[in-house]
Amino acid sequence: MNKQDRLCIEGRIGFLGAGSIVEAMLSGILKKGLLSPDQLLVSNRNNRERLEQLVDCYGVRFTQDKLEVARSSDILILAIKPKDAAEALRELRGVVHSGQLIISVVAGVSTTLIGEWLGVNCPIVRTMPNTSSAVGLSATGLAANSFVTDDQLQQAIRLFEAIGTVYEVAEEELDIITGLSGSGPAYIYYLVEAMMAAGATAGLDREMARQLTLQTVIGAAHMLLDTRAEPAILRQQVTSPGGTTQAGLEVLEAYQFQQGVTAAILRATERSREMGAQYH
């Protein structure tokens, strides 16, 4: 393995939480050889069976003592539920110190609030990955507070590059990232549901409808990525005057399809802000 392929971390990474994002990160980190299993310590509040599953699958260490995780980790990753965050982090006061890098995947909770709950001025990186992290294709927004050094920022970026693509943004932009790419997979799945159902309704075998729909979505995404053309241009290239695509698009326009998608993203963004405000 190339030295440049390794994180510049000789210590440990601790995870508070053991959900799907944590598992995706463990898988990505280990597949890329960024750290060894004995450098990774996973914990949750009361689900020992889940921890044992992660140990069996990835060979990592585990504990249900969050104080032990905080004490022994150079990087502490917060992957707990927002409603549990205040209590859990206040219990870490006096344990977390100013030299530790804190990385949060807790939705809606600001770096300022995390620092207040921990009771220490420390480097905090706040992130918003999405569920595509499970297949290494997350689009992750990442923002750092003023205590984060350049080296720590690069460490955080490398960690999330293990599960997809990373975009460094201002913290106030994380709400719109939540609405756009955090919730975005659900919008795509909703579209796929509708396309599959339409194919089946029109007489296709359901599995055939599924495969055709998925390949269509994959192909369209690759066209956008590979050609770098504007989506409007690609749409126009597919749309012959008086043809089938135009007929279909006219129906979508009658249902205000684009306005509906825009409204959904803006509402999800607003909800992210609402969730953050309730902790202040």
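Colleague: Which helix do R271 and E274 both lie in, and how many residues apart are they?

Modeller: R271 and E274 both lie in helix 12, three residues apart, about one turn of the helix; helices here are DSSP runs of H or I with at least four residues, strands are runs of E with at least two, and both are numbered from the N terminus. This is a predicted model, in which local features need pLDDT of at least 70 and side-chain atom pairs count only at pLDDT 80 or more, while totals for chains, interfaces and linings use all residues. Residues are numbered from 1 along each chain as its sequence is written, and side-chain values use heavy atoms, with hydrogens and water left out.

Colleague: What do the side chains of R271 and E274 form?

Modeller: They form a salt bridge, with the closest N and O atoms 3.2 Å apart, the term meaning a side-chain nitrogen of Lys or Arg within 4 Å of a carboxyl oxygen of Asp or Glu. E274 also meets R267 in a salt bridge at 3.2 Å, N to O, and R267, E270, R271 and E274 are linked in a network of such bridges.

Colleague: Changing topic, what is the strand order in the open sheet?

Modeller: The open sheet has eight strands in the order 3-2-1-4-5-6-7-8, with mixed pairing, where two strands pair if DSSP finds at least two bridges between them. Its edge strands are strand 3 (61–62) and strand 8 (164–168), each pairing on one side only. Strand 7 (residues 138–144) runs parallel to strand 8 and is joined to strand 8 by five bridges, with G141 standing opposite Y167.

Colleague: Where does T127 lie, and what is T127 in contact with?

Modeller: T127 lies in strand 6 (residues 124–128) and is buried, with a relative accessible area of 1%. Leaving aside neighbours within four places in sequence, T127 is in contact with residues including I103, V105, T140, G141 and F160, contact meaning heavy atoms within 4.5 Å.

Colleague: Last one, over which residues does pLDDT stay under 50?

Modeller: That applies to residues 1–8, pLDDT being the predictor's confidence in each residue, from 0 to 100. Where pLDDT is low, the predicted coordinates should not be read in detail. For the chain, the mean pLDDT is 93, and 96% of its residues reach 70 or more.

Key:
Buried < 20%, exposed > 50% of the residue type's maximum accessible area, 1.4 Å probe, protein only.
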